[in-house]
Every structure is written in structure tokens, then in C-alpha cells.
Amino acid sequence: MSEPLVLTGLDGGNPLAFLALLGVGLISRCFCCPDVQISWTRAEGGWRPRLHGFDGDEEAFLDRLYDAMLSTSPGPFEIDKKLPFARDDLRAAMQQCRYDAGTESRRMADILAGFGTDAQADKKGMFVDTAFRMVRRGDSAGQGLPAYGLAIRKALTRDHVRTTLFSEWQYEDEGFNLRWDPVEDQRYALRWYDPSPQSNKRFGLRAVQGANALALEGLGLLPVQPSSQGVATTGFSRKGKRREFFTWPIWEIPLSPDMMRSLLTIPELAAETPDRRSLGTRGVAEVYRSERIAPNKYYKNFTPSRPA
């Protein structure tokens, strides 16, 4: 058995990188590396994920992962261009998933559960969607997260995946950002350049295409569920009425994606001050937390993470 493969491009303290890692785990387990397990190690100035159970080098893993990503169905992102959309449409799609056996149908069901829940709807009949929807429901062109997801998938190249997993992120890709990376908080008053359309095109922040593509798959481990206080997105907790936080664990023992799914739901992570001793018995070495903020009425952002 070869040494674990370290994904040096993914920084465990970055929420987008963490979501991308979840996507790596799900795609690998379901479509190319069924025995894969993931742990984290200190490297490159931060926490970096290690892949266990793959007997090959970076190039071999990239080939398998990229081919697997190309083979997955765009179905979850084709139901509607906006998010949320009609609860009846989500419910019909979820019911269809029940009758379609196989790995691919589980992936679609998981991503739809990551989009939102049909347990509640607003006055317009739209289901309650995920706290990870940081962009507008629909932009001036009538497009929202599903349409952005389709565009990200279509533009994805093997090199995008390579630079995401094995290189320092340079934010040079053309394409949509889903606002899951704290550096995407680019408010006008904080920019060094004139925030005009011309300057934005020349100097504005671009995307890490591979990270966004993988993170979309990672939503499959973070479902939206009914709760005693309405609806909750896995990984999110509230402080008071206005403040909302995303908290995620860093673990040192190899876990399968199903084990990761379980770990993400343990109550200790939601505590204002997590019980490190209790978490340590589960192999958790660090806990990061980012606040979900609203710089304006259209978009949300994550703040830079801090240990919880």
C-alpha cells in the first residue's frame, strides 16, 4: 500500500476548500475509488487532507477524479435556474429518486437534500433552501445557484482540478464564484482599485473553478433538515437572532465519506465553545468557524475562519 496522497492545495481553514474536500470524498467513493478514506495532517502552513486507500500517484488520481466528475449527471442543476424553486418540483424530483436505484440516484438525492427541504415553503410556494446559498435567488438574467453550477461544470478542465488540489490558489479562472471563500468579500470600501465595471474586469477577483465544482458535490454531505426552530442546514448554528455561523471539524484519523457525514452532525460542533476533550475522543484535532454575513441585500459572505 502506497503512502497517503496529500492534497496540498486544500487548506482546512478555508470553508470553500473544506467543501471541496467533501466533494472529493463523495466523488471518489461513488465513482472511482470506493475504498477511499480521508484524514488531515499539518503541512504547507495549515491543515491539509490526506487520501488513504488509493494506490497511485497524483496524476493517476487526477485522471480518475476528473473522469468521474465528467461522468456525473447534471440533473440536480437542471430542475430550475434559480434556488429556491417551487416546492412541488423539489418534491417530485425527490420522489423520483426513490425509484431510481443505484449510486447515481443517491448522489442526486443527496444534492437535492443539500439544496433544501420540502418540509416547509414560503407564501409563494418555494421550499426553504440551504444556508450555503450565498448568491441571489436569481440575478438580472434570472439565474441562480443551479444555473451557476451548470456553467461551472461545463467549463471544468483537468487543469482546474489539478490546481485546486495540488497548488496554491491563484484565483485566475474565469467563471462564477459561489461566495464560499472568505476572500470573495470584496466590498467597495475595502478595494484598492476603483470599483467601476472596467476596473472590476481588469483587477477583480476571479474564481478557483475546480474548488467550486467539487464544493457543489460536497453539498451532498450537508443536507437541510426540519428542526425544532424551523429549518436547519447541517453545520450551521445561530447566536441570537441575527448571527449565523458555519462550523466544521478537522480530524486526524482516516474516515470514509459515510463516517464524515456522521461526524458533521454531532451536537458538540454547534456549541458556542465546543468541548475539545469530547471531540478529541472522536479524532477531531481542530474546529473552525466562519460567520455568514450579509454585506448587502443581494449576497452573503463567509468571514475568515477562526478556531472555535
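Helices (H or I, at least four residues) and strands (E, at least two) are DSSP runs, numbered from the N terminus. Axes are lines fitted to C-alpha atoms, for helices over the stretch in contact, and angles run from 0 to 180 degrees between N-to-C directions. The model is predicted: local features need pLDDT of at least 70, side-chain atom pairs count only at pLDDT 80 or more, and totals for chains, interfaces and linings use all residues. Residues are numbered from 1 along each chain as its sequence is written, and side-chain values use heavy atoms, leaving out hydrogens and water.

Select helix H6 (residues 158-166) together with helix H8 (residues 209-218): their axes lie 7 Å apart, at an angle of about 85°. H6 is therefore roughly perpendicular to H8 (65 to 115 degrees). In the contact (heavy atoms within 4.5 Å), H6 contributes His 160, Thr 164 and Leu 165, and H8 contributes Gln 209, Gly 210, Ala 211 and Leu 214.

Next, display Arg 158 and Glu 59, which form a salt bridge with the closest N and O atoms 2.9 Å apart; the term denotes a side-chain nitrogen of Lys or Arg within 4 Å of a carboxyl oxygen of Asp or Glu. Arg 158 belongs to helix H6 and Glu 59 to helix H2 (residues 58-71), 99 residues apart.

Then select Arg 153 and Glu 217, another salt bridge, with the closest N and O atoms 3.6 Å apart. This pair connects helix H5 (residues 145-155) to helix H8. Both Arg 153 and Glu 217 are buried (under 20% relative accessible area, 1.4 Å probe, protein chains only).

Finally, select Glu 244 in strand E9 (residues 243-251) and Arg 292 in strand E10 (residues 284-293), whose side chains meet in a salt bridge (3.4 Å, N to O).

Note on methods. Parallel < 35°, antiparallel > 145°, perpendicular 65-115°, else oblique. Buried < 20%, exposed > 50% of the residue type's maximum accessible area, 1.4 Å probe, protein only.
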